[in-house]
Amino acid sequence: MPPERVQHFSQFVEDYEAIRSAEGRSSPSDEYYLGLPYEDTTGRNSSQWKIRSKSFDYLARHIVQPVETFRTILDLGAGNCWMSYRLALAGHRAVAVDLLTNNHDGLGAAAHYSKYLSIPIARFQAENTYLPFQDEQFDAAVFNASFHYSEDYEATLREALRCVRSNGCVIVSDTPWYSCEESGRQMIAERQAAFRKRFGTASNSVRSLEYLTDERLRDLEKQLSISWTTYAPWYGVKWAMRPWGAKLSRRREPSRFRIYVARKHG
């Protein structure tokens, strides 16, 4: 990354690493990383990993695995590289990209997987709007619970599409969706207040867009001449009832997760 972009993200990275560490998103043992996303051996974020595991299973079974041509996959927002590891076990060649490079929650954590793979996971520190790859180098790109960190959805998606071959696709997984902008804005305000109280920072030095709405998705279709295919994994009855519970108690609507796929046409 150019020095000026490293500086641009420096406060965000510092805040993010501190928050993630306080939330217990790491471990000194291989066991923790090898169990993700199906088991959180620390027990501190199990409910979130339960959602991640269901999203990943759906993505693998219904989107990635049925297509034999998906050999090379770009894992955008790879974090500790758990998805790259799972994709590698399934026979894909995954390349991991993230801003964080530390050894417990960033790209450096891939060391925990090395002894279990014949080929180490290739890792690159980069921002999603400036990817260090050639045009049409990958069969698919996956935003792994990371698309909402973008400051510019159009630029981010355009860059991912550039790196994907014709008839390949870009996949957005585990980014929060709301039915209206107001719900998204309320979520941001609530989260920033909670972060200030618990961690002493709102973690808003980078103006991430944070969520999706149908209107935002339609705008991206128009801007980039794409069409979204939407998939809805099943997260269980309790999860499905959350919007109704929020409405009855007059609370803000909860976030919902879907998987969005944009195919790149030749």
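Asparagine 128 sits in the loop between β3 and β4. Helices here are DSSP runs of H or I of at least four residues, strands are runs of E of at least two, and both are numbered from the N terminus. This is a predicted model, in which local features need pLDDT of at least 70 and side-chain atom pairs count only at pLDDT 80 or more, while totals for chains, interfaces and linings use all residues. Residues are numbered from 1 along each chain as its sequence is written, and side-chain values use heavy atoms, with hydrogens and water left out.

Is asparagine 128 buried or exposed? Its relative accessible area is 18%, so asparagine 128 is buried. The cut-offs are under 20% relative accessible area for buried, over 50% for exposed, and partly exposed in between, with a 1.4 Å probe and protein chains only. Setting aside neighbours within four places in sequence, asparagine 128 is in contact with Leu76, Val97, Phe143, Thr156 and Glu159. Contact means heavy atoms within 4.5 Å.

The loop between β3 (122-125) and β4 also holds leucine 131. Leucine 131 counts as buried because its relative accessibility is 6%. With neighbours within four places again left aside, its contacts are Leu74, Leu76, Val97, Glu159, Ala160, Arg162 and Cys163.

Beyond four places in sequence, cysteine 163 contacts Leu74, Leu131, Phe133, Gln134, Glu136, Gln137 and Phe138. From cysteine 163 to glutamine 137 is 26 residues in sequence, but 5.5 Å in space, C-alpha to C-alpha.

Now helix α4. Six of the eight residues of α4 are buried, so the helix is largely enclosed by the rest of the structure. Those six are Trp82, Met83, Ser84, Tyr85, Arg86 and Leu87. Their cover includes α2, α3, β1 (72-76), β2, α5 (111-114) and β4. Just after α4, glycine 91 has a positive phi of about 100 degrees.

How do α3 and α4 cross? The axes of α3 (residues 46-64) and α4 (residues 82-89) come within 12 Å and cross at roughly 35 degrees. Axes are lines fitted to C-alpha atoms, for helices over the stretch in contact, and angles run from 0 to 180 degrees between N-to-C directions. The crossing is right-handed, that is, the near helix is turned clockwise from the far one by less than a right angle. Trp49, Arg52 and Phe56 of α3 meet Trp82, Met83, Arg86 and Leu87 of α4. By class, the residues of this contact are five nonpolar, no polar and two charged. Nonpolar here covers Ala, Val, Leu, Ile, Met, Phe, Trp, Tyr, Cys and Pro; charged covers Asp, Glu, Lys and Arg; the others, Gly among them, are polar.

Next, the cores. A nonpolar core is a set of buried Ala, Val, Leu, Ile, Met, Phe, Trp, Tyr and Cys residues joined through side-chain atoms within 4.5 Å. In the largest one, of 31 residues, Cys81, Trp82, Tyr113, Ile121 and Ile171 touch the most other members. Helix α3 gives the most to this core, with six residues. Another core lies apart from it, with 28 residues, among them Val97, Phe133, Trp177 and Leu220.

Last, some backbone details. Serine 225, in the loop between α8 and β6, has a positive phi near 55 degrees and is not a glycine. Serine 225 counts as exposed because its relative accessibility is 64%. Asparagine 167 also has a positive phi, about 75 degrees, and is placed in strand β5. Leucine 36 and proline 37 are joined by a cis peptide bond, with omega about 5 degrees; proline 37 is in the loop between α2 and α3.
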